[in-house]
Number of protein chains: 2
Amino acid sequence: MTAYDLYVITDEGLSKGLTHVEIARRAIAGGADVIQLRDKSMSGEELMECAVQIRTLTKEAGVLFIVNDRLDIAIASKADGVHLGQEDIPVKLARPLAPPGFIIGVSAGTLEEALQAERDGADYIGLGPICHTGSKKDAGPVCGFGLITGVKKHVSIPVIVIGGIGPDNAKESISAGADGLAVISAVVSQDDVTGAAKHLKALIKEAKRQKVYEG
Amino acid sequence: MTAYDLYVITDEGLSKGLTHVEIARRAIAGGADVIQLRDKSMSGEELMECAVQIRTLTKEAGVLFIVNDRLDIAIASKADGVHLGQEDIPVKLARPLAPPGFIIGVSAGTLEEALQAERDGADYIGLGPICHTGSKKDAGPVCGFGLITGVKKHVSIPVIVIGGIGPDNAKESISAGADGLAVISAVVSQDDVTGAAKHLKALIKEAKRQKVYEG
Ligand code: NI
């Protein structure tokens, strides 16, 4: 079964000067299970060049490679799949274009969107945002772990949680039912990208072990 | 053989408040042979919705429908083809994803780019910009019709000219060898889109007739 434990989304803008390819390389070294290439500003040609390079890196490492939004670039670069937001092409229209076994993930912010995504044939759900920055300063983010549990009760495809996820709430996310954690800043924005990925991966593994023991 | 005589590119920004769909409808009524949907700011979902509507209109009218840049949306909307700029996915990578008979047009600004596009398997070339606004005010645009003749000598796929093309230089473009004229503002920005398309179509037809007579 496909493991989505640590799902790292590349974002050059949130990194400390790293390219998509360099973010991917360091995240893979830290144990990322999935790399998603996301860039809303590059031309198709530039994005395609990044995708081809990350495909090579991920293939060597046995890591899943997903392209955000651009189904054509995902297919052309031989990525494992595409991630579609609620503003992207609907999964029902995307599926017939994709080769057999191609992974299509869909963003969902509510139970209704998650159910719809599963009905439409999504292979996994990117559920979130889970955590929101609270109004009180220094109070830290407010997280809705109940949404994870609610969605997990009703859908059978993997649920990857996203939005304010990091080491501080990794355990609660897994306990609430998340199959994997999608992160950007918790890994990409850190000085030591590889170290941040390693730490988070260890927390996820430990939380999953505890869950098995606790039944 | 596919006719590319009058190739109208939708551009909401250059229109007087018309949507892509309304531009397409009016251009078709004026005799457009090809409609290209071009929008660099819409989400995939919005673009897909436009594409599906324009596919219906063009199919009813027997008009070719081409989507700019987004191969995935072109295929998913059952468009006849995609137009790829020099900054988009290379045609060599796009071709294997496309269904049989799918048209792939490629932008070229020079003879070298045109030759490369043909070698890479393009079905037509969008050659331009042909005309540039001159430095002298009121002098009108300066057009390089020699480029058209040069490219036509060396490539065998259709050459559609673009960039400052309109009623003032339609005849010279056809005489120089253009197989079709791609226009935006000469049609889309006019008060009477249908009338502007009709006028331009008549000029193209007349220029092609004269060319045949003149040998
Ligand atoms: Ni020559």
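This is a predicted model: local features need pLDDT of at least 70, side-chain atom pairs count only at pLDDT 80 or more; totals for chains, interfaces and linings use all residues.
The rule finds two salt bridges across the interface of chain B and chain A. It also finds nine residue pairs in polar contact there, with both residues at pLDDT 80 or more.

Which helices of chain B supply residues to this side? Helix 2 (44–61) and helix 3 (71–76) of chain B each give at least two. Helix 3 of chain B provides the largest share, five residues. Sort the side of chain B that touches chain A by class, and you get eight nonpolar, six charged and three polar residues.

Now take the contact as a whole. Chain A contributes 17 residues, and chain B contributes 17 residues. Together the two chains bury about 1500 Å², with 62% of it on carbon and sulfur atoms. Three residues stand out on chain B: Glu45(B), Asp72(B) and Ile89(B) supply 31% of the area that chain B buries against chain A, more than any other three residues.

In soluble globular proteins, nonpolar side chains tend to be buried together. The largest nonpolar core here has 76 residues, and Tyr7(B), Val8(B) and Ile35(B) touch the most other members. Helix 2 of chain B gives this core its largest share, six residues. Follow Tyr7(B) beyond its neighbours within four places in sequence: its contacts include Val34(B), Ile66(B), His83(B), Tyr124(B) and Leu181(B). Another core, of 75 residues, lies apart from the largest one; among its members are Ile75(A), Ile157(A), Val161(A) and Leu200(A).

How values were computed:
Residues are numbered from 1 along each chain as its sequence is written. Chains are lettered from A and ligands numbered from 1 in the order in which they are written. Side-chain values use heavy atoms; hydrogens and water are left out. Contact means heavy atoms within 4.5 Å. Buried area is the accessible area (1.4 Å probe) that two parts lose on being put together, summed over both. A salt bridge is a side-chain nitrogen of Lys or Arg within 4 Å of a carboxyl oxygen of Asp or Glu. A polar contact is a pair of N or O atoms within 3.5 Å; within protein, one must be able to donate a hydrogen and the other to accept it, and residues adjacent in sequence count only if both atoms are side-chain atoms. Helices (H or I, at least four residues) and strands (E, at least two) are DSSP runs, numbered from the N terminus. Ala, Val, Leu, Ile, Met, Phe, Trp, Tyr, Cys and Pro count as nonpolar, Asp, Glu, Lys and Arg as charged, and the others, Gly among them, as polar. A nonpolar core is a set of buried Ala, Val, Leu, Ile, Met, Phe, Trp, Tyr and Cys residues joined through side-chain atoms within 4.5 Å. Buried means under 20% relative accessible area, exposed over 50%, partly exposed in between (1.4 Å probe, protein chains only).
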